[in-house]
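Hello,

Here is the structure I promised to pass on to you. Please open it beside this email, and then read on for what turned up.

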Amino acid sequence: MPLVDIRKMAVKAAVEKTGLGAFNVVLLEFAHAEVEAAESCGLPVILQLSENAIKYHGGHIAPIGKAMLAIAEQASVPVAVHLDHAESVDLCREAVDLGFNSVMYDGSKLEDLENRKSTAAVVEFCHAAGVAVEAELGEVGGKDGVHSPTARTNPEDAAKFVADTGVDLLAVAVGSSHAMTERSAVLDTGLISRIRDAVPVPLVLHGSSGVSDEGIVAAIEAGMTKINVSTHLNVGFTSVVREALAANEKLVDPRKYVGPGRENVRNEVARLLNLYARR
């Protein structure tokens, strides 16, 4: 199936008050597992490749990016392929040229005016190629900047950022944080609703790995649409691999321990997709 426009997927999910699952690809096994999970549920999915993952894969987007695109195009359900947390404008261009149909430009470390200017420039060339753009505000609160669990996005500032840049999706700070291995974050659902009412594009929740099932469902009900998950899948994958190696010290074929890890990812993605779809 051809890649599906993430904007249409997200707008549909926002109207229906369902969540759109977006899962990071750390290893190629994750892409296979995530698409298999989506097919088993009959639901759309977003495959995400971060700038950090590209650095791990030798600093080149093409090898793993082309593989992800091939897996997506062979899927029987709607799939989008998304560049996640790209701080490099050049990398965004590479992703567009390769065939990705969505990018997340992360200018949150820049001064506010520069962030808006750079994001608007990314939007201009991406939209010319029919590619969607996700972005986020800069340091809106908290000592550790936008990714601190204490950071909060101001609804009016969020609306102005969308107007200034023309982005299609907006990541907002509402109480979650990246790379959490425990699901203990508490989201500000009231703030989510206020941002939803102020902002004309679908909202994105980063740091979802640290949020409980109940918290995610409440966030979707309040107005969150695209739900990003990475660390949570890594925790499950690594746990299963660790158990397999501990149970048999003679294992040398990676397929014998990576395979069960991949199955764990597949099962958890399927569970989360059904949760986000309120099934």
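This is a predicted model: local features need pLDDT of at least 70, side-chain atom pairs count only at pLDDT 80 or more; totals for chains, interfaces and linings use all residues.

H1 gives the most, with five residues. If you sort the lining of this pocket by class, you get eight nonpolar, three polar and three charged residues.

**H2 and H11**

Now find helix H2, residues 28-41, and helix H11, residues 254-276. Their axes come within 8 Å and cross at roughly 40 degrees. Because of that angle, H2 is oblique to H11. The crossing of H2 with H11 is right-handed.

Which residues meet here? On the H2 side, they are Glu29, Phe30, His32, Ala33, Glu34, Glu36, Ala37, Ala38, Ser40 and Cys41. On the H11 side, you will find Val258, Arg262, Val265, Arg266, Val269, Ala270, Leu273 and Asn274. By class, the contact of H2 with H11 has 10 nonpolar, three polar and five charged residues.

**H2 and H4**

H2 also packs with helix H4, residues 61-73. Here the angle is about 15 degrees, and the axes lie 10 Å apart. Are H2 and H4 roughly parallel or roughly perpendicular to each other? Angles under 35 degrees count as roughly parallel, and H2 and H4 are therefore roughly parallel. H2 passes H4 in a right-handed crossing.

From H2, the contact uses Leu28, Ala31, His32 and Val35, while H4 brings Ile64, Ala67, Met68 and Ile71. The residues of this contact divide into seven nonpolar, one polar and no charged.

**H7 and H8**

The last pair is helix H7, residues 155-165, and helix H8, residues 189-198. These two pack at an angle of about 35 degrees, with their axes 9 Å apart. Is the crossing of H7 and H8 left-handed or right-handed? This crossing is right-handed.

Pro155, Ala158 and Ala159 of H7 meet Leu191, Arg194, Ile195 and Ala198 of H8. Sorted by class, the contact of H7 with H8 has six nonpolar residues, no polar ones and one charged.

Enjoy exploring, and write back whenever you like.

Best wishes

Terms used
Residues are numbered from 1 along each chain as its sequence is written. Side-chain values use heavy atoms; hydrogens and water are left out. Helices (H or I, at least four residues) and strands (E, at least two) are DSSP runs, numbered from the N terminus. Ala, Val, Leu, Ile, Met, Phe, Trp, Tyr, Cys and Pro count as nonpolar, Asp, Glu, Lys and Arg as charged, and the others, Gly among them, as polar. Axes are lines fitted to C-alpha atoms, for helices over the stretch in contact, and angles run from 0 to 180 degrees between N-to-C directions. Angles under 35 degrees count as roughly parallel, over 145 as roughly antiparallel, 65 to 115 as roughly perpendicular and the rest as oblique. A crossing is left-handed if the near helix is turned anticlockwise from the far one by less than a right angle, and right-handed if clockwise. Contact means heavy atoms within 4.5 Å.
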